[in-house]
Number of protein chains: 6
Amino acid sequence: MIRITRRIEFSAAHLYNNPKLSPEENRRIFGKCNNPHGHGHNYTLEVTVAGEPDPVTGMVLDLKELKEILQREIIERMDHRFLNYEVPELAGQIPTTENVAQLIWKLLEPKITRGKLDRVRLYESPDLFVDCTRNGAA
Amino acid sequence: MIRITRRIEFSAAHLYNNPKLSPEENRRIFGKCNNPHGHGHNYTLEVTVAGEPDPVTGMVLDLKELKEILQREIIERMDHRFLNYEVPELAGQIPTTENVAQLIWKLLEPKITRGKLDRVRLYESPDLFVDCTRNGAA
Amino acid sequence: MIRITRRIEFSAAHLYNNPKLSPEENRRIFGKCNNPHGHGHNYTLEVTVAGEPDPVTGMVLDLKELKEILQREIIERMDHRFLNYEVPELAGQIPTTENVAQLIWKLLEPKITRGKLDRVRLYESPDLFVDCTRNGAA
Amino acid sequence: MIRITRRIEFSAAHLYNNPKLSPEENRRIFGKCNNPHGHGHNYTLEVTVAGEPDPVTGMVLDLKELKEILQREIIERMDHRFLNYEVPELAGQIPTTENVAQLIWKLLEPKITRGKLDRVRLYESPDLFVDCTRNGAA
Amino acid sequence: MIRITRRIEFSAAHLYNNPKLSPEENRRIFGKCNNPHGHGHNYTLEVTVAGEPDPVTGMVLDLKELKEILQREIIERMDHRFLNYEVPELAGQIPTTENVAQLIWKLLEPKITRGKLDRVRLYESPDLFVDCTRNGAA
Amino acid sequence: MIRITRRIEFSAAHLYNNPKLSPEENRRIFGKCNNPHGHGHNYTLEVTVAGEPDPVTGMVLDLKELKEILQREIIERMDHRFLNYEVPELAGQIPTTENVAQLIWKLLEPKITRGKLDRVRLYESPDLFVDCTRNGAA
């Protein structure tokens with residue numbers, strides 16, 4: 001079994017605030033990310049699919065098909081959006097890299113039918129990223 | 001004369017909208033950037049100072065001093081901010097990369113006193129950046 | 001005056017051979033690049049336009065318009081092509097980074113009408129690139 | 001057990017075409033990659049070896065030895081080559097990133113005798129890469 | 001379970017020499033790295049922690065806390081240091097990337113109490129890196 | 001006229017200390033860089049040559065020749081060296097990025113005979129670099 005990874009980018013705004021906490025606690029825990037106006041990032045997303053290359057095409061999956069899935073599920077939902085207000089699946093959650101990566105896993109997993117979704121890696125910046133994997137292994 | 005460049009990063013949200021234009025014109029001209037909730041970027045800023053190395057230190061300028069200037073003038077003003085609402089110097093302007101880069105030039109130029117500010121390069125993403133230079137030369 | 005730069009990528013094959021030279025001379029001068037089957041690169045192209053931001057839009061040029069120009073003039077002509085055989089403008093030339101960059105300048109210069117084309121930088125790899133500029137200045 | 005990874009680069013041309021399919025099918029499945037003249041890439045290869053550091057040298061393997069293996073097995077075979085016509089081990093296969101990565105695994109696995117080959121990662125571009133691993137785990 | 005990774009950088013000097021070997025053997029095994037004056041690198045360190053996001057914060061761990069741990073355990077110990085002479089934990093060892101990565105694992109593992117340290121990746125350069133993982137899996 | 005740039009890397013150690021200053025002044029001015037044991041970097045050097053492509057080869061200069069010049073003048077002199085003690089041309093100077101870049105200019109300028117050396121850019125890290133240019137223009 002081998003793995004193929006496609007990388008895409010999107011830009012989004014967000015802010016961290018838990019309404020069940022006091023303003024002071026929110027500021028202490030989330031620091032600058034608690035700014036009520038929000039801030040933003042160029043996110044980089046790596047989507048990894050595991051499978052066997054098709055002997056006819058030499059490919060684990062149809063990259064054009066994957067591109068369409070990523071366009072429909074991720075880019076149209078998140079690109080140039082304010083994650084807190086415009087992504088209904090994140091309602092009631094803090095849009096941390098952890099939570100956004102988990103949402104991306106949930107959105108993509110049922111759509112990948114050639115091979116299996118194996119890993120979602122989401123970079124908030126080159127210095128901070130989160131991995132979700134099928135079985136919890138690295 | 002030689003040039004020394006320091007690179008820093010900040011994260012900010014923004015949106016493009018000109019209130020003198022109709023909603024349709026705004027959408028046509030600015031596309032996704034016109035989303036009223038805003039979106040965001042990891043900006044990368046390169047600040048270039050031209051001068052002669054000091055024979056005592058071998059350095060064009062004191063990098064600790066430059067770091068403090070960048071912290072005070074840029075990071076505190078723009079990092080984890082929504083540029084349209086939180087940077088008063090951008091009031092009435094569209095916070096395009098062009099306009100933000102020009103503001104950064106104006107903010108830094110009088111503060112650089114060892115050597116001269118020579119170029120400000122602002123990346124909105126690895127694929128789009130703007131240069132402001134002292135004399136308009138490349 | 002300020003400068004805005006857009007970066008795009010394309011993939012192409014090429015080979016270096018001057019039919020006026022002997023096979024031995026071609027091999028000595030061009031080394032591995034003389035392989036008659038050809039080889040290839042992921043090229044990265046930076047296109048820089050100089051101008052004044054439009055007060056209505058805050059932008060030197062319409063990035064959607066630039067994208068269309070780059071698609072039509074560069075991507076459709078060079079992406080996933082064998083430069084020696086499929087780019088008629090390179091006929092009779094060796095498709096070195098120098099010559100391809102100069103062709104890109106000639107193709108883009110008359111098409112950029114908002115602002116002026118100021119620099120074309122073409123990377124053959126992260127370790128080798130060529131700059132063409134309006135006036136020969138850096 | 002720890003893992004050490006060495007990264008190298010090579011440039012090659014290729015094209016995707018399955019002679020058992022009609023020209024229309026080939027164009028539909030492979031798109032631009034079906035261009036009969038071919039195109040090319042700067043490939044980046046990461047080779048990971050797992051083992052225990054030798055107490056005398058502090059190293060899992062002799063990096064000079066690994067360099068020679070990579071030179072002989074990969075660079076001389078693939079660098080500045082047209083993969084379809086010049087790499088006999090790919091005869092009858094479509095030189096997709098998947099198939100080239102699997103060939104690299106087969107070429108290197110028996111040559112790595114200090115430690116064990118653990119992963120081969122092949123980037124066709126920064127946005128597309130394939131992993132082959134010893135046991136199919138990530 | 002998900003994984004979050006923070007990347008930091010530090011600069012250090014080192015040299016490779018085993019006093020139990022003859023000067024000739026040291027030179028043969030370590031090559032340029034045996035230069036008795038030493039040389040140096042910009043090291044990049046990726047620290048990965050595995051855990052479950054806290055439902056209150058949406059985060060696996062407190063990034064400010066992790067930053068303090070990395071500052072105290074790694075930056076203060078290794079940044080702008082000569083590893084052979086200034087890091088007592090490396091005494092009697094050759095400061096190869098393998099040994100430095102293993103030391104970093106030992107230093108960080110007991111300090112990470114929210115989630116578990118899962119992987120330490122240390123780059124000596126973009127082309128050479130070492131991974132230490134909890135269970136030896138990739 | 002066009003410009004071609006080749007990028008290479010080398011690793012070196014250094015420290016900043018001016019014997020004419022007191023230990024306190026050295027520490028205040030140079031901070032961590034004053035550590036008497038030294039520290040180090042992966043330097044990246046970009047060498048730019050300006051000229052006209054030769055009509056026979058399509059190239060501004062012979063890249064194999066440039067490679068040999070860079071090997072002889074820079075790599076052999078500086079790679080895996082402690083700059084303060086092993087580069088005689090830096091004797092009596094503080095090996096700041098400014099001074100090392102100026103030395104590189106002086107070493108390369110007379111050796112480049114096809115085209116003219118136009119710019120030397122030396123990165124001490126991705127976040128700090130120095131440019132020396134022929135005429136002081138950017």
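Predicted model: local features only at pLDDT ≥ 70, side-chain atom pairs only at ≥ 80, totals over all residues.
Residues are numbered from 1 along each chain as its sequence is written, chains are lettered from A and ligands numbered from 1 in the order in which they are written, and side-chain values use heavy atoms, with hydrogens and water left out.

**View 1. The relation between chain A and chain B.** Chain A is superposed on chain B by a rotation of 180 degrees with 0.0 Å of shift along its axis, at an RMSD of 0.0 Å. Such superpositions are made by least squares on the C-alpha atoms of residues with pLDDT of at least 70 in both copies. The two copies meet through the same surface, because 100% of the interface residues of chain A are also interface residues in chain B. The contact draws 21 residues from chain A and 21 residues from chain B.

**View 2. Area buried between chain A and chain B.** About 1700 Å² is buried between chain A and chain B, 50% of it on carbon and sulfur atoms. Buried area here is the accessible area (1.4 Å probe) that two parts lose on being put together, summed over both. On the side of chain A, the residues losing the most area to chain B are Lys32(A), Asn42(A) and His80(A), together 34% of what that side buries.

View 3. In one of them, the side chains of Lys32(A) and Asp79(B) meet at 2.5 Å, N to O. Chain A and chain B also share 17 residue pairs in polar contact, both residues at pLDDT 80 or more. A polar contact is a pair of N or O atoms within 3.5 Å; within protein, one must be able to donate a hydrogen and the other to accept it, and residues adjacent in sequence count only if both atoms are side-chain atoms.

At least two residues of the side of chain A that touches chain B come from each of strand S1 (2–14), strand S2 (39–51), strand S3 (81–82), helix H3 (83–86) and strand S4 (116–125) of chain A. Helices (H or I, at least four residues) and strands (E, at least two) are DSSP runs, numbered from the N terminus. S2(A) gives the most to this side, with 4 residues.

**View 4. The relation between chain E and chain F.** A rotation of 180 degrees, with 0.0 Å of shift along its axis, superposes chain E on chain F with an RMSD of 0.0 Å. That is the relation of a two-fold axis. The same surface serves both copies, as 100% of the contact residues of chain E recur in chain F.

**View 5. The interface of chain E and chain F.** The contact takes 23 residues from each of chain E and chain F. Chain E and chain F bury about 1700 Å² between them, with 50% of it on carbon and sulfur atoms. Of the area that chain E buries against chain F, 34% is supplied by Lys32(E), Asn42(E) and His80(E), more than by any other three residues. Across this interface there are 2 salt bridges. Lys32(E) forms a salt bridge with Asp79(F), with the closest N and O atoms 2.5 Å apart.

View 6. Glu124(B) is found in strand S4 (residues 116–125) of chain B. Glu124(B) counts as buried, at 10% relative accessibility; buried means under 20% relative accessible area, exposed over 50%, and partly exposed in between (1.4 Å probe, protein chains only). Leaving aside neighbours within four places in sequence, Glu124(B) is in contact with residues including Asn42(A), His14(B), Tyr16(B) and Thr97(B). The C-alpha atoms of Glu124(B) and Ser11(B) are separated by 9.7 Å, although these residues are 113 residues apart along the chain.

**View 7. Surroundings of Thr5(E).** Thr5(E) lies in strand S1 of chain E and is buried, with a relative accessible area of 1%. The side chains of Thr5(E) and Thr48(E) make a polar contact of 2.7 Å. Apart from neighbours within four places in sequence, the residues in contact with Thr5(E) are Asp127(A), Leu128(A), Phe129(A), Glu46(E), Val47(E) and Thr48(E).

Terms used:
Contact = heavy atoms within 4.5 Å. Salt bridge = Lys/Arg side-chain N within 4 Å of Asp/Glu carboxyl O.
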